Amino acid sequence: MNEYDSDRIKNALDAEPTDDPKKADIIIINTCAIREKADQKAFSSLGKFKSLKANNPDKIVGIAGCVAQLYGEKLLKRMPHIDFVLGPRAIPKLPDIISNIEREKRRTVETSYDIEELFEIEPYHKEGKVTGFVSVQQGCNKRCTYCIVPQVRGNEVNRPLKDILTETTNLVNKGVREITFIGQTVNSWKENGYKFGDLIRAAGEVENLERIRFTTSYPRDITKRMIDAMKDVPQVCHHLHLPVQSGSDKVLSMMKRTYTRQWYTDTISRLKDAVPDLSVSTDIIIGFPGETGQDFEETMSLMKEVEFESSYSFKFSPRPGTAAAEYSAEEMVDPQIASARLSELQAFQKDITEKKNLSRVGLIEKVLVEGESRNDPNFLSGRTDHNRILNFKGTKELVGKTVKVKVSEGLLNSLRGELVV
Ligand code: SAH
């Protein structure tokens, strides 16, 4: 989502993007507030521009994204070298903000939620890029007790189907072959009686679009209509990111996740009945307040039962304004215990991911070639249907094409193979 927003920020300004702060007239740090670490990173990144701004007072420096939304006005006081604060919903206001600063030299805070042109400004597209994101909703209506998203991104607003398809088609016309629809709970998307399954079917009709992905799905919003569409639309990739957060019903209920462990595993079974080779990845929070050794064991047993393709796991981080930040110090899990649990879970996942990667050796995978491999220009890199990175020898003309590759090696983070001709 932030990558997408950063690309919209790039496009909002009629300017050439540069990664070199010395050359830039305008420096914008786009930020994430989901965990404390990300939030702190925002401040240290901005701190780096203090002396640059002091020596070049005409440079405009701004903070965007969820940290901007969270602290608003306070940021101007805390950091005298920044010129503007821009919330994630207010990106379409950026051109006005910049011209006001240029004209009046007045520092600005824009964190209003109700921006009419919420979805305006398509993301910057780098020539030759074959994958792209399209936002289908902003904000979130769920109230997971640990999560700061509703506070900083507001309530759910769904984008009209017509506009989603227009942006998708525009990207495909620029050479994009794989679209990932993004939303905080992407599969709760709806508009005028259309539901998420209908959106997938409509995207399946876009000419020359070869692959459809979407993230992040909310378990309780998986419906028969969605599953049927995943089964019927051949462009839909057989990979689903479905955050479970915990394997303990007690913790799930404290998190207000609105499903039980049994409900979650039954849902995976329903999905796999329809799409037998579906690969599933997840997110886990370790050390939610009140998580006991027994609760953690239940999470581990879920990991063993489901064998996720991959998982992102995080230590609970209390976020200002969320219900879970209100627990007393005694109810918080000891940080050392939480770290030990996290390591155990991650070590387990590493073995499973490696085992799953090894199980692909000898198989032929379809790969959308995204570009040259980062480590070796003789190799091309792309993703399999299941979202695994696969590197193989080949030349640049294949970028943007879907090719068949026979897997020869399964590594921890990727596969290697040979082009099948
Ligand atoms: N709606 C988005 C939210 C992204 S946050 C989505 O589902 O993708 C990504 C992950 O961060 C969440 O699934 C959760 O596992 C983790 N997370 C969110 N808030 C957290 C917190 N306060 N502490 C630790 N991890 C958190």
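1. The open sheet has four strands in the order S1-S2-S3-S4, paired in parallel; strands are DSSP runs of E with at least two residues, helices runs of H or I with at least four, numbered from the N terminus, and two strands pair if DSSP finds at least two bridges between them. Strand S1 (26-31) and strand S4 (108-110) are the edges: each has a single partner strand, so one side of each lacks a neighbour in the sheet. On average, neighbouring strands are turned by 15° against each other, direction ignored.

2. This is a predicted model, in which local features need pLDDT of at least 70 and side-chain atom pairs pLDDT 80 or more, while totals for chains, interfaces and linings use all residues. Residues are numbered from 1 along each chain as its sequence is written, and side-chain values use heavy atoms, without hydrogens and water.

3. S1 and strand S2 (residues 60-65) run parallel and are joined by six bridges. Ile-27 stands opposite Val-61 in S2. Helix H1 (residues 2-12) packs on the sheet and touches S1 and S2, its direction making about 160° with that of S1. Contact means heavy atoms within 4.5 Å; axes are lines fitted to C-alpha atoms, for helices over the stretch in contact, with angles from 0 to 180 degrees between N-to-C directions.

4. Thr-215 and Thr-216 are joined by a cis peptide bond, with omega about 5°. Thr-216 is in the loop between strand S11 (211-215) and helix H10 (224-232).

5. Asn-192, in the loop between strands S9 (190-191) and S10 (194-195), has a positive phi near 45°. Asn-192 counts as exposed at 72% relative accessibility (buried is under 20% relative accessible area, exposed over 50%, partly exposed in between; 1.4 Å probe, protein chains only).
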